[in-house]
Amino acid sequence: MITNVSLVSVWVKDLDESLAFYTDVLGFSAGDDIMLGEDFRWVTVTHPSQPELHLHLTTPSKPLSDDLIAAMQRAQLEGGLPGVGLNVDDCRKTFEDLSAKGVEFLQEPEDRPYGVEALMRDNSGNWMVLVEPREYTPEDFEGVSFD
């Protein structure tokens, strides 16, 4: 029986730069950083409050096909790959703190029926959503537009 999610892969452009971004800027802890053969480096980070969930930072590379690698690299250059959602205790304060560290935001904190949300990019261009969650019901979404 499945008990939980333990690993999520995030496609990045450069492993060293992304490891620094996730640890130094976002506050994750470094996890594994090992070479598996000559051509594959396994890099993970975890959040201190959720050490059972590993983010696997990986680059588009073999054994993927050349066509898929090229397509993923194009999507990275366009900033078109999704990343992860992160819960925060104070979205506006987190926005200020990360903005001061040079993080690119696509959307400043906004009130939503489910909480306060901001949209940022990691250093590889992946979209990441920050949410300060709150209780909600389906009725809270009536007449709401997310334009």
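Visitor: What makes Leu 57 the bridge partner of Val 10 in S4?

Guide: In S4, Leu 57 is the residue bridged to Val 10. S1 and S4 (residues 50-58) are parallel and share 5 bridges; pairing requires at least two bridges found by DSSP, so the two strands count as paired. Strands are DSSP runs of E of at least two residues, helices runs of H or I of at least four, numbered from the N terminus. The model is predicted: local features need pLDDT of at least 70, side-chain atom pairs count only at pLDDT 80 or more, and totals for chains, interfaces and linings use all residues. Residues are numbered from 1 along each chain as its sequence is written, and side-chain values use heavy atoms, with hydrogens and water left out.

Visitor: Why are S1 and S2 called edges?

Guide: The open, mixed sheet has 4 strands in the order S1-S4-S3-S2. S1 (7-11) and S2 (29-35) each have a single partner strand, so one side of each lacks a neighbour in the sheet.

Visitor: How do you know that H1 packs on the sheet?

Guide: Contact means heavy atoms within 4.5 Å. Helix H1 (residues 15-25) touches S1, S2, S3 (41-47) and S4.

Visitor: What makes a set of residues a nonpolar core?

Guide: Its members are Ala, Val, Leu, Ile, Met, Phe, Trp, Tyr or Cys, buried and joined through side-chain atoms within 4.5 Å; buried means under 20% relative accessible area, with a 1.4 Å probe and protein chains only. The largest such core has 26 residues, and Leu 26 and Leu 57 are among those touching the most other members. H1 supplies the largest share, 5 residues.

Note on methods: Axes fitted to C-alpha atoms, helices over the stretch in contact; angles between N-to-C directions. Buried < 20%, exposed > 50% of the residue type's maximum accessible area, 1.4 Å probe, protein only.
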